[in-house]
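Work through the exercises below with the sequence and coordinates open. Each task is followed by a solution in steps.

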Amino acid sequence: MKFCNFLLRVDGTREASMDDFQQVLKVGLRTYKPDRQKYLYSIETDIIEGRYFWMACDYDDAVRFRDYVINKETGEKEPNPRSKEQIEPRQQFFACYDCNTHFLYLNDLTRRSFLQQYLSDTLQKDFQINNIYTSVDEFCSKIKTIRGFQYTQVDNLFGRSSDLFAQVGNIWGQDLPSKIQLKVAYGDIPVHGGGRQIIDVFSRHKGEFENVVIIGSDDAGVEHTFDFSSVLKHLVISPVKDENEHFDPTEVRNLLLRELR
């Protein structure tokens, strides 16, 4: 079983936090069917070590039904012993969010839209799961325009050369701040018509910034982000299926957390 990591952002401005997931545990539904989707999910969630949000889901098609089953020993058709209101959750999905590294790990990227919608509906906030790109070149090849940047400017040897810190300190009559979090919107600059040059400027001045995130959009207007601090990871674990071809969620969780630690 392979887990891939993603970025998880809230309202387009920040990374998901432990406070968000504590609220998910408090108010989240245990049975959930997203609007305009056919799958019904049975959901178990937990917070482990005050660091990891864990989710295990059993799910299946809540619409498709046949009024008969086939006896595998006799080959005969028999009346289906379950009703249309009863769903047999034969499929599984697992997710884990590391609140220290701010990475989301999924074992099935096709369940991405479900998780995004579940979190958004549960907390009434806009959760977005974004790909992690291995390089700026790869990111630029997938997007059409640059919408802006999010970054933290730090008061260090490099950032102090800017008068931004002095201006902010003087506005409020306070001591100079150690960090300033900024979001800069450009209004969709074509990536190959000026946007790439702006990215290169950030690349050359990395020492002045922390948590630099590029925000872009593709041909369909879908937003993508590139985080300079991100690392693409594929974590492979080997849980054993039971006699019914299902994984034990506890075993999956323990094996994954062993890798994450």
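This is a predicted model: local features need pLDDT of at least 70, side-chain atom pairs count only at pLDDT 80 or more; totals for chains, interfaces and linings use all residues.

**Exercise 1.** Determine how the axes of helix H1 and helix H2 are arranged, and which residues make the contact.

Step 1. H1 covers residues 18-27 and H2 covers residues 112-123. Their axes come within 10 Å and cross at roughly 80°.

Step 2. Angles of 65 to 115 degrees count as roughly perpendicular, so H1 and H2 are roughly perpendicular to each other.

Step 3. H1 contributes Asp20, Phe21, Gln23, Val24 and Val27, while Tyr118, Leu119, Thr122 and Leu123 come from H2. By type, six residues of this contact are nonpolar, two are polar and one is charged.

**Exercise 2.** Decide whether Asp61 is buried or exposed, and find the backbone nitrogens that its side chain reaches.

Step 1. Asp61 belongs to strand E5, residues 52-61.

Step 2. The relative accessible area of Asp61 is 10%. Buried means under 20%, so Asp61 is buried.

Step 3. A polar atom of the Asp61 side chain lies 2.7 Å from the backbone nitrogen of Val63. The side chain of Asp61 also reaches the backbone nitrogen of Arg64, at 3.0 Å.

Step 4. Leaving out residues up to four places away in sequence, Asp61 touches Lys38, Tyr39 and Ile87.

**Exercise 3.** Describe the largest nonpolar core and identify the element that gives the most to it.

Step 1. This core has 29 residues, and Leu8, Phe21, Met55, Phe114 and Leu115 have the most contacts inside it.

Step 2. Elements supplying at least two residues each include H1, E5 and H2. H2 gives the most, with five residues.

Step 3. Apart from this core lies another, of 19 residues, including Ala56 and Leu235.

How values were computed. Residues are numbered from 1 along each chain as its sequence is written. Side-chain values use heavy atoms; hydrogens and water are left out. Axes are lines fitted to C-alpha atoms, for helices over the stretch in contact, and angles run from 0 to 180 degrees between N-to-C directions. Helices (H or I, at least four residues) and strands (E, at least two) are DSSP runs, numbered from the N terminus. Angles under 35 degrees count as roughly parallel, over 145 as roughly antiparallel, 65 to 115 as roughly perpendicular and the rest as oblique. Contact means heavy atoms within 4.5 Å. Ala, Val, Leu, Ile, Met, Phe, Trp, Tyr, Cys and Pro count as nonpolar, Asp, Glu, Lys and Arg as charged, and the others, Gly among them, as polar. Buried means under 20% relative accessible area, exposed over 50%, partly exposed in between (1.4 Å probe, protein chains only). A polar contact is a pair of N or O atoms within 3.5 Å; within protein, one must be able to donate a hydrogen and the other to accept it, and residues adjacent in sequence count only if both atoms are side-chain atoms. A nonpolar core is a set of buried Ala, Val, Leu, Ile, Met, Phe, Trp, Tyr and Cys residues joined through side-chain atoms within 4.5 Å.
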